[in-house]
Amino acid sequence: MSSYTTNRRTDKAVLWAWDGTSVDDDGEPRLEAAAEITVRWEQRTEELVRPDGSTVAIDSNVVVAQDVTEGSIMWLGALADVDVPPTDLRQVVAFNKTKNFDGSQTRRTLKLMKYGDLLPDLA
């Protein structure tokens, strides 16, 4: 794997993935169990303009190795270090895939916003 796809992924993060369809009785995403992944996590403040014209405050950009559905929840740190209940959570609000020039590799990036300290129901 080249640096294009790995891009110095040396940070640990916890991902509560969402399948994009499963919701609880309140309409909140029903998340999968926590999984530790290796990422490159950059704290950054910016705004994201959504297709409907609304803006979202972004505070983190993350490079990952797999596809991640918007609505998934992440936490910076190792799975063994997650507080119970977890605090300082982030929600994935944008997922992008970019191919390199010859199309042989794909770089996956996420934009995250602050979510809060309460996880939705787990599947």
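In the predicted model, L15 has A35 in strand 4 as its bridge partner. Strand 1 (residues 11-16) and strand 4 (residues 35-49) run antiparallel and are joined by five bridges. In general, strands of a sheet pair through backbone hydrogen bonds, either parallel or antiparallel.

Nonpolar side chains tend to be buried together in soluble globular proteins. The largest nonpolar core in this model has 14 residues. V39, V62, M74 and L110 have the most contacts inside it. At least two residues each come from strand 1, strand 4, strand 5 (55-64), strand 7 and strand 8 (106-116). Strand 4 gives the largest share, three residues. V62 also illustrates the contacts across the sequence. Beyond its neighbours within four places, V62 touches V39, R40, W41, M74, R108, T109, L110 and L112. A second core is separate and has eight residues, among them V14, W16, L31 and I73.

The loop between strand 6 (73-76) and strand 7 (89-99) contains P85. D88 lies in the loop between strand 6 and strand 7 as well. Most residues other than glycine have a negative phi, and most peptide bonds are trans. D88 counts as partly exposed because its relative accessibility is 45%, between the 20% and 50% cut-offs.

Notes. Residues numbered from 1 in each chain as written. Predicted model: local features only at pLDDT ≥ 70, side-chain atom pairs only at ≥ 80, totals over all residues. Heavy atoms only, no water. Helix = DSSP H or I, 4+ residues; strand = E, 2+ residues; numbered from the N terminus. Buried < 20%, exposed > 50% of the residue type's maximum accessible area, 1.4 Å probe, protein only. Pairing = 2+ DSSP bridges. Core = buried A, V, L, I, M, F, W, Y, C linked by side-chain atoms within 4.5 Å. Contact = heavy atoms within 4.5 Å.
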